[in-house]
Amino acid sequence: MGRRAVLFDLGGVLFRPGLQQFLGSCERDCGLPRNFLQNIMFAGRSDSPYAKATRGQITLSQLFSEMEEGCRQHASASGIVLPPTFSIARAFEEMAAEGMVNAPLLQAARVLRRNGFKTCVLTNNWVDDSAGRLFTATLMNLLHRHFDLVIESCRLGVQKPDPQIYAYALDALRAKPQEVILLDNIGENLKPAREMGMATVLIRDTETVLKELEELSGVQLLTQEESLPTACDPSDVTHGYVPIRPGVQLHFVEMGHGPVVCLCHGFPESWLSWRYQIPALADAGFRVIALEMKGYGESTAPPDIKEYSQEQICKDLAVFLDKLGIPQTVLVGHDWGGAVVWNMALFYPERVRAVASLNTPYRPADPAVDIVEKMKTYPTFDYQFYFQEPGVAEAELEKDISRTLKVLIRSTRQEDRLPFTLNFHRVRERGGLLVGFPENPPASKILPGPELQYYIQRFEKSGFSGPLNWYRNMRPNWRWAVSAKDRKITMPALMVTAGKDVVLHPSMSKGMEEWIPQLRRAHIEECGHWTQMERPAVLNRILVEWLEGLPPDTPLPKISRL
């Protein structure tokens, strides 16, 4: 019988240090005899402070009180002097502050999940009502994002190693014992699971554990290849709809708590193109809002071409922020979304805390050269002229939406290339963007089955007219940009270039520092146009590092107390 589920303990496994290691460290720091704290924590076995707390009979604050009383009594009886500042509550707060998530094991759980395994956290935990409870809430929130199931003893009234808790986990996973692997750092907790038929792994060092887990699961976990981050699923995120004005609404998804980061996608995409960034930024402590841009999916697609001018798109985005009560946000855009965020920084700088663009460079408009004539000098932009006549490109792209997306959205990796290279030159001469491509191309490595189906459903709903109308405002966009040609973008900014993007080549970003004094740069050489999906792990590291390095959020002014 094949294995298909893995149970991970929390303390000492997914989060370090474990409780017993932490107590031993406290004893050394306070000059207490060895096992002084452990003896009090576990004294009375089934009636110990630990047992009562992990069964949910008392809260963590009550555990602290019982522990401190027990320490005082035991110290007095044994002639031990407790430090004047001795505090169990403070020690736990320090553990939380200094503790670390075991990143390699969390990564292994993600890989297992992508390979069809159910993943579950099975932890002896307590009801945390302490002053430091926000830490517990944040940690549990993270675990719920990355695991299929989180089981806490204090919610059930039964704790490890009671066989009942393992039976509960098996039932919740709908798995037989022989299909399950359990990881724990306490041997006593593994014994009943092993007797039931589960495979068990005693945690010592992470590398050894990963080797054992690899052998038991048959899934490669020690590979040096860049692993995909956790992606969010459309059914597992909060969806929202903001009325902008009569006949226009914007759809978005949201995750996380903290400073706001708004993500703006490009053509022909969806909010789901940010699926790898949304959980990562939420884990890093941000409130992430991924917009479905006007004309796409569940956002409305007005027929009027003027609705898709950059001026109108940015006005709508300012209203969107107003309706959500967000005075200021970090904006991150890709492709057309990159143009939007640069324009927001130019025309609505008070709303933009910082701005980042993937692939799309910023260039001030040149009033001396007509934009249409200038665009004609770039052979790779011929496809944009093909897009100009309403109905022409729509007919080609909507004929077979699955084929359109599988041709356009592919990585630059050798194994993902089609026999015919996507060529943006002479599109009008060839008679279409997709001419020459297979009628039924293989699935894209970066837009596999479920994600492709979601994209198809979005475009079946919205069609391609709205997305193509973004291209049909060349002169209005140019005239609007000319009005700000002498402005600089002064807030913190990030430009991420991709070495293999044949349309938005890194060379186009040369000289941006002249107009953006606080510009930071990042470059991903082995990456094409679809940066969020092609190199998500690298991009996530770039974005999180940049976001965490921004100046702290300024407290909101108390303009009104009404």
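## A buried lysine

The side chain of Lys294 makes a polar contact with the side chain of Asp316, at 2.6 Å. A polar contact here is a pair of N or O atoms within 3.5 Å; within protein, one must be able to donate a hydrogen and the other to accept it, and residues adjacent in sequence count only if both atoms are side-chain atoms. This is a predicted model, in which local features need pLDDT of at least 70 and side-chain atom pairs count only at pLDDT 80 or more, while totals for chains, interfaces and linings use all residues. Residues are numbered from 1 along each chain as its sequence is written, and side-chain values use heavy atoms, with hydrogens and water left out.

Where does Lys294 lie? Lys294 sits in the loop between strand 11 (287-292) and helix 13 (310-323). Helices (H or I, at least four residues) and strands (E, at least two) are DSSP runs, numbered from the N terminus. Lys294 has a relative accessible area of 2%, so it is buried. Buried means under 20% relative accessible area, exposed over 50%, partly exposed in between (1.4 Å probe, protein chains only). Leaving aside neighbours within four places in sequence, Lys294 is in contact (heavy atoms within 4.5 Å) with residues including Arg245, Tyr308, Asp316 and Trp470.

## Salt bridges

Side chains of opposite charge can pair when their charged atoms come close. A salt bridge is a side-chain nitrogen of Lys or Arg within 4 Å of a carboxyl oxygen of Asp or Glu. The structure holds 32 of them. Arg245, Lys294, Glu307 and Asp316 are linked in a network of salt bridges.

Other pairs link separate parts of the chain. Lys52 pairs with Glu66, their closest N and O atoms 3.1 Å apart. Lys52 belongs to helix 3 and Glu66 to helix 4, so this pair ties together parts 14 residues apart in sequence. Lys52 is buried, at 15% relative accessible area, while Glu66 is partly exposed, at 29%. Arg472 and Glu394 also meet in a salt bridge (2.9 Å, N to O). Arg472 lies in the loop between helix 21 (465-469) and helix 22, and Glu394 in helix 17 (residues 392-399), so the pair ties together parts that are 78 residues apart in sequence. Both Arg472 and Glu394 are buried.

## Helix 4

Helix 4 (residues 60-78) has 19 residues. Gly79 follows helix 4, with a positive phi near 70°.

Which residues of helix 4 are buried? They are Leu60, Leu63, Phe64, Met67, Glu68, Gly70, Cys71 and Ala75. They cover an arc of only 165° around the axis, so they lie on the same side of helix 4. That arc is taken from the directions from the helix axis to the C-beta atoms. The cover over these buried residues includes helix 2 (36-42), helix 3 (49-54) and helix 5 (88-98). The face turned away from the buried side carries the exposed residues Gln73, Ser76 and Ala77.

## Nonpolar cores

A nonpolar core is a set of buried Ala, Val, Leu, Ile, Met, Phe, Trp, Tyr and Cys residues joined through side-chain atoms within 4.5 Å. The largest has 119 residues, and Ile278, Phe320 and Trp342 have the most contacts inside it. Helix 14 (residues 336-347) gives the largest share of this core, 9 residues. Apart from this core lies another, of 30 residues, among them Leu106 and Phe147.

Note on methods:
The expected span of a helix is 1.5 Å times one less than its number of residues.
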